[in-house]
Amino acid sequence: MVSKVAASAAEAVADVFEGASMAVGGFGLVGVPTVLIDALHALGVGGLKVVSNNCGVDGAGLGVLLAAGRIARATGSFIGENKELARRYLAGEIEVELIPQGTLAERLRAGGCGIPAFYSPAGVGTMVAEGGLPWRYNADGSVAVASPPRETRTFGGREYVLEESITTDFALVRAARGDRYGNLVFAKSARNFNPLAAMAGKVTIAEVEELTELDPGEVHLPGIFVQRVVHVGHVDKPIEKRRTRGALDA
């Protein structure tokens, strides 16, 4: 088998092009491929269409690309406390599609499995199904682009809404361990959106803290879904919110 190990993060992302779509693993700041994101920032490409649970926080994760104006569209389930994303969205500088969290996970997984669409009960009777969710605003606050209505059908007496799967040009993920063939093992809660994002990408790039041999029985994601591996070693992991016991008890 041919090794998939890239010499550096810069080499691994070198062919990411202007306007590319990209699935990115992580939840909050857990399991976020920060080394690859920094390499992408250094590359300088923009107009990116990012699919991720959230768009990082101010100054960390995908927030680095957001602050530099490199993201044109963000698809996710949680804006959180990212003030820059909120500002850009309300000012009409970025398009944002919000999706129920479980639906987002399944749309990514379905894309990786070759399933074009599926029916879900989540969002029935809301603007998710009926359309009209603001995806992009004009500078004056009016809606420039709104979500379209979705097809609905009834199965077993319950109504469901049609959701299309997601595939992207690239995917960036973080794993605790990986081998030279792209097989990955994720650490604890970092096994969040990372496997799903990896499955959805046509070209998936994984940063791994430890490059090693893996027992087949411990593999979380098989290398068939991964095209490139970058050994990054130990990486400092930022904490979204630091709290003391006194603050928690307050």
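Modeller: A nonpolar core is a set of buried Ala, Val, Leu, Ile, Met, Phe, Trp, Tyr and Cys residues joined through side-chain atoms within 4.5 Å. Buried means under 20% relative accessible area, exposed means over 50%, and partly exposed lies in between (1.4 Å probe, protein chains only). The structure is a predicted model, in which local features need pLDDT of at least 70 and side-chain atom pairs count only at pLDDT 80 or more, while totals for chains, interfaces and linings use all residues. Residues are numbered from 1 along each chain as its sequence is written, and side-chain values use heavy atoms, with hydrogens and water left out.

Biologist: Which residues of the largest nonpolar core touch the most other members?

Modeller: The core has 33 residues, and those with the most contacts to other members are Val13, Val16, Leu40, Leu48, Ile94, Leu172 and Ile205. Helix α2 (residues 34-43) supplies the largest share, four residues. A further core of 23 residues lies apart from it and includes Val51, Val173, Leu184 and Val229. In soluble globular proteins, nonpolar side chains tend to be buried together.

Biologist: What does Ile205 touch, leaving out residues up to four places away in sequence?

Modeller: Contact means heavy atoms within 4.5 Å. On that basis Ile205 touches Ala12, Val13, Leu36, Ala171, Leu172, Val173, Arg228 and Val230.

Biologist: Why is Glu97 assigned to its accessibility class?

Modeller: Its relative accessibility is 6%, which is under the 20% limit, and therefore Glu97 is called buried. Glu97 belongs to strand β4 (residues 95-98). Helices (H or I, at least four residues) and strands (E, at least two) are DSSP runs, numbered from the N terminus.

Biologist: What makes the pair of Glu97 and Arg73 a polar contact?

Modeller: A polar contact is a pair of N or O atoms within 3.5 Å; within protein, one must be able to donate a hydrogen and the other to accept it, and residues adjacent in sequence count only if both atoms are side-chain atoms. The two side chains meet at 3.2 Å, which is within the limit, and therefore the pair qualifies. Apart from residues up to four places away in sequence, Glu97 touches Arg73, Ala74, Thr75, Gly76, Arg107, Trp135 and Arg150.

Biologist: Are Gly19 and Lys188 buried, partly exposed or exposed?

Modeller: Gly19 has a relative accessible area of 21%, between the two limits, so Gly19 is partly exposed. Gly19 is found in the loop between α1 (9-12) and β1, and beyond its neighbours within four places in sequence it is in contact with Gly46, Gly47, Leu48 and Lys49. Lys188 reaches 80%, which is over 50%, so Lys188 is exposed. Lys188 lies in the loop between β11 (184-185) and α7 (194-200).

Biologist: What is the phi of Lys188?

Modeller: Phi of Lys188 is near 50°, a positive value in a residue other than glycine. Most residues other than glycine have a negative phi.

Biologist: Why are β5 and β8 described as standing at the edges of their sheet?

Modeller: Two strands pair if DSSP finds at least two bridges between them. The open sheet of three strands has the order β5-β9-β8, with antiparallel pairing. β5 (117-120) and β8 (152-155) have a single partner strand each, so one side of each lacks a neighbour in the sheet. Neighbouring strands of this sheet are turned by 40° against each other on average, direction ignored.

Biologist: How do you know that β8 and β9 pair?

Modeller: Four bridges join β8 to β9 (residues 158-164), and the definition requires at least two, so the strands count as paired.

Biologist: What lies across β5 and β9?

Modeller: Helix α5 (residues 101-113) lies across them, running at about 155° to β5. Axes are lines fitted to C-alpha atoms, for helices over the stretch in contact, and angles run from 0 to 180 degrees between N-to-C directions.

Biologist: How does the span of α5 compare with the expected value?

Modeller: The expected span is 1.5 Å times one less than the number of residues. With 13 residues, α5 reaches 19 Å from its first C-alpha to its last, close to the expected 18 Å. Its buried residues include Leu104, Arg107 and Leu108. Just after α5, Gly114 takes a positive phi of about 80°.

Biologist: What makes β10 mostly covered, and which strands pair with it in the parallel sense?

Modeller: Eight of the eleven residues of β10 (residues 168-178) are buried.
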